[in-house]
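Student: Could you walk me through how to read a few features of a structure, one at a time?
Tutor: Gladly; let us look at it together.

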Amino acid sequence: MKSSEVRLERLSKEYGRTVAVDNVSLAIEPGHMVALLGPSGCGKTTCLRMIAGLIRPTSGDVFVNDKRMTDVPVHRRNVGMLFQNYALFPHLTVEENIVFGLEMRGMSKADAARKVSEALSLVQLSNFGKRYPAQLSGGQQQRVALGRALVIEPAMLLLDEPLGALDKGLRESMQVELRALQRRLGLTTIMVTHDQDEALTMADKIVVMRDGKLEQVGSATEIYQRPASKFVAQFIGASNLFEGPVEQRNGSGAVIRVSPELSLQVDQLPASASDAMVSIRPEAIIVERAGQASSAQRANSVMARVDQAIYRGFVSHYYLRTPSGGQIIVFEQNQSQQAGLRYAVGEEVVARWESPSNHIIARH
Amino acid sequence: MDERFSGFGAFILYTITAGMMVFILAPLLLVMAASVSDSYFVTFPPQGFTLKWYAKVLQDRDFLEAMRLSILLALGTTAGSLLFGVPAAFALVRGDFFGVAAIKGFLLSPLIFPALITGLALLQVLNKLGSTDARLNLLIGHIVVTSPYVIRTVVTSLQLVDENLEDAARTLGANRLRTFWRVTLPQIASGVAAGGLFAFMVSFDNYPVTMWLANSEYSPVPLVLMRQLVNVFDPSVPAMSTIIILMAMVGVLILEKLVGLRRALAA
């Protein structure tokens, strides 16, 4: 299958006064898998449907391999699309569902039959051709939908929350499977999801959207480790966010005063900044008993009391409260030998972390 | 209803239901009984048993001619109201244009408008237009009266169709027409059939509109029945009625077998 480059240029969609998608430009490399991630109503699905041709943009264009597709009707765009509710034709068998796209292309019966059986074996449903969708499980139905989308050898694959209706275990194994298949076929794929784990698991590139706009575009590592905005820091994973004025400059970095008991040493800060917002991931924080810790008045270190302690199997969550009332979330990986939580509710502790863990949020 | 009714409530409910059944069916059974009465006037209880009225009716040229006209008219009306009503329903459900609600109200208005007035209005309009062919006028009039039934049932079943199915078909390479034909229509088949059946039956026994638009040359069954009723009220009238009742029953049964009419009517 040949891979396509997909490009969105200043794409917008307005419904009356509501702007669903606001001036979105994005380039997707051939063979990549990109996830449009965001809360419901952020415009990600509208974006996907404009790429498919199901919705006409108010302004802006969609290019595939530098060819302008904006005016090409959906049935001539050759896109494979998966829907959250599978959208299998209930009155047709599995085989008839898969052959549908080939019939629309006027393929001969013999060629089509061969393609269908190839597609069925690709999605591991070779013995299910004669069944009707209602006789299949959710996972099987989505495999049929995948086979139906792939059999037409689409220019790209569009996934609209494709695994949202499956239960957790099946969803995770389908994520890995779908990703492996997509890599093997080298098929440019755009996926819409509100599930950050799904985006992190499957995508080469994650596009975080909010209120119709692009919030941040980057790899999973970039998005997680260097969130560009407060929204991204909070939407992807959990974050401790602190804000305060610059207390002191040291080289290219600075000390940020958050509260009387907490200051942060940041290694890089633009000279023009007079204050800063800093995000610290919960797993970057080390908790120690108050007595063991060395002098408390250091940067990136604070005395606190355990407010809540939650045991989650391989990880424990601690919610700490500083004397001035601030909350700090800490995730600590549990050692296999160790039994249960290391700190009890009410215990006095010291939370500390290394200065590279302090990530400056550029937009807040 | 999953719960079983029991006790006094159930007794009341079943009694009322049975009462309604009798109320609806009794007149029909009465007519059927009268049609086999061996007497020269319609009497109840019937006297004796004979099929001679059926023999008479089936040799009655006027009646047979009216039957032929009515069946052709009802078939034409069904086709016409489906051709008009299905796309109209599609536009009403899928359309996103100004005044959808107002247009819907207008298209369904013949359901609540007195048919007698509709018929008179049609007669005047068709006269003005110089349309003098009674058959054409009847066809137009009947399509006006029956289309709302088709629109109603098709709108209901269209609202239950998952639009993602249509989107999926289009991404797979089907244009709008093929999408409708291959994906949407099979989903709404029962609604279309129900609407078609309504259109046929409403056309077949429509009196108030037919009365205005028919002439002495082209008189559908309801007019002939009425005329017969006024002239000689012998058991041939119930015999004609029984034939029509049986036709309707057969039609309903066939459609039920073909497309599951019950589901469409319940929706």
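Student: Which residues does Ser236(B) touch, not counting residues up to four places away in sequence?
Tutor: Contact here means heavy atoms within 4.5 Å. By that rule, Ser236(B) touches Trp53(B), Lys56(B), Val57(B) and Gln228(B), with residues up to four places away in sequence not counted. Before we go on, a note on the source: this is a predicted model, in which local features need pLDDT of at least 70 and side-chain atom pairs count only at pLDDT 80 or more, while totals for chains, interfaces and linings use all residues. Residues are numbered from 1 along each chain as its sequence is written, chains are lettered from A and ligands numbered from 1 in the order in which they are written, and side-chain values use heavy atoms, with hydrogens and water left out.

Student: Where does Ser236(B) sit, and is Ser236(B) buried or exposed?
Tutor: Helices are DSSP runs (H or I, at least four residues), numbered from the N terminus. Ser236(B) belongs to helix H11 (residues 236-259) of chain B. For accessibility, buried means under 20% relative accessible area, exposed over 50%, and partly exposed in between (1.4 Å probe, protein chains only). With a relative accessible area of 1%, Ser236(B) is buried.

Student: Which parts does the salt bridge of Lys52(B) with Asp38(B) tie together?
Tutor: The closest N and O atoms of Lys52(B) and Asp38(B) are 3.0 Å apart. Lys52(B) is partly exposed at 34% relative accessibility, as is Asp38(B) at 41%.

Student: Which residues are linked in a network of salt bridges?
Tutor: Such a network links Arg56(A), Asp61(A), Arg68(A) and Asp71(A). Within it, the side chains of Asp71(A) and Arg68(A) meet at 2.9 Å, N to O. Asp71(A) is partly exposed, with a relative accessible area of 46%, and Arg68(A) is partly exposed at 41%.

Student: At what angle do helix H2 and helix H3 of chain A pack?
Tutor: Axes are lines fitted to C-alpha atoms, for helices over the stretch in contact, and angles run from 0 to 180 degrees between N-to-C directions. Helix H2 (residues 94-104) and helix H3 (residues 109-122) of chain A pack at about 120°, with their axes 10 Å apart. Angles under 35 degrees count as roughly parallel, over 145 as roughly antiparallel, 65 to 115 as roughly perpendicular and the rest as oblique. H2(A) and H3(A) are therefore oblique to each other.

Student: Which residues of H2(A) and H3(A) meet?
Tutor: From H2(A), Val94(A), Glu95(A), Ile98(A), Val99(A) and Leu102(A) meet Ala112(A), Lys115(A), Val116(A), Ala119(A) and Leu120(A) in H3(A).

Technical notes
Helices (H or I, at least four residues) and strands (E, at least two) are DSSP runs, numbered from the N terminus. A salt bridge is a side-chain nitrogen of Lys or Arg within 4 Å of a carboxyl oxygen of Asp or Glu.
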